[in-house]
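Here is a friendly briefing to read alongside the coordinates. Have a look at the model first, then follow the notes by topic.

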Amino acid sequence: TYHGRTGVIWNVTKRAVGVLVNKQVGGRIMAKKIHVRVEHVTQSACRKQFLDRVKANDEAKVAAKAAGQPKPVTKRLVRGPKAGFQVRTETVSVAPIKYEALY
């Protein structure tokens with residue numbers, strides 16, 4: 001199925017668009033050209049997030065220059081490892097039971 005796939009529009013018709021998507025077939029990935037009705041297509045949000053980040057970085061640079069400060073670090077940072085914590089458990093003592101012959 002192609003639900004949720006990201007693709008590139010390669011053709012536009014009256015009611016549909018042609019989309020180039022990747023599909024895994026066996027052990028290989030094939031580029032497939034499919035036609036999808038316009039109601040089922042949404043624009044990807046990753047481009048909007050990128051443009052928002054660029055705009056925020058530019059505003060931070062302008063603000064730093066106006067304040068006479070050095071240029072801020074605008075690179076995305078790795079989240080890093082989560083903070084550690086102690087796991088508390090109760091100890092349970094287990095004793096073996098005596099073997100009894102079943103015959």
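The expected span is 1.5 Å times one less than the number of residues; helices (H or I, at least four residues) and strands (E, at least two) are DSSP runs numbered from the N terminus. This is a predicted model, where local features need pLDDT of at least 70 and side-chain atom pairs count only at pLDDT 80 or more, while totals for chains, interfaces and linings use all residues. Residues are numbered from 1 along each chain as its sequence is written, and side-chain values use heavy atoms, without hydrogens and water.

- Just after helix 1, G68 takes a positive phi of about 75 degrees.
- Within helix 1, K48 and D52 sit four residues apart, about one turn of the helix, and their side chains meet in a salt bridge (3.2 Å, N to O).
- A salt bridge here is a side-chain nitrogen of Lys or Arg within 4 Å of a carboxyl oxygen of Asp or Glu.
- K48 is exposed at 55% relative accessible area, whereas D52 is partly exposed at 40%; buried means under 20%, exposed over 50%, and partly exposed in between (1.4 Å probe, protein chains only).

**The other salt bridge**

- The count comes to two salt bridges, and E39 with R37 forms one of them (3.2 Å, N to O).
- E39 counts as exposed at 54% relative accessibility, while R37 is partly exposed at 41%.

**Strand 1**

- V8 lies in strand 1 (residues 8–12) and, at 53% relative accessibility, counts as exposed.
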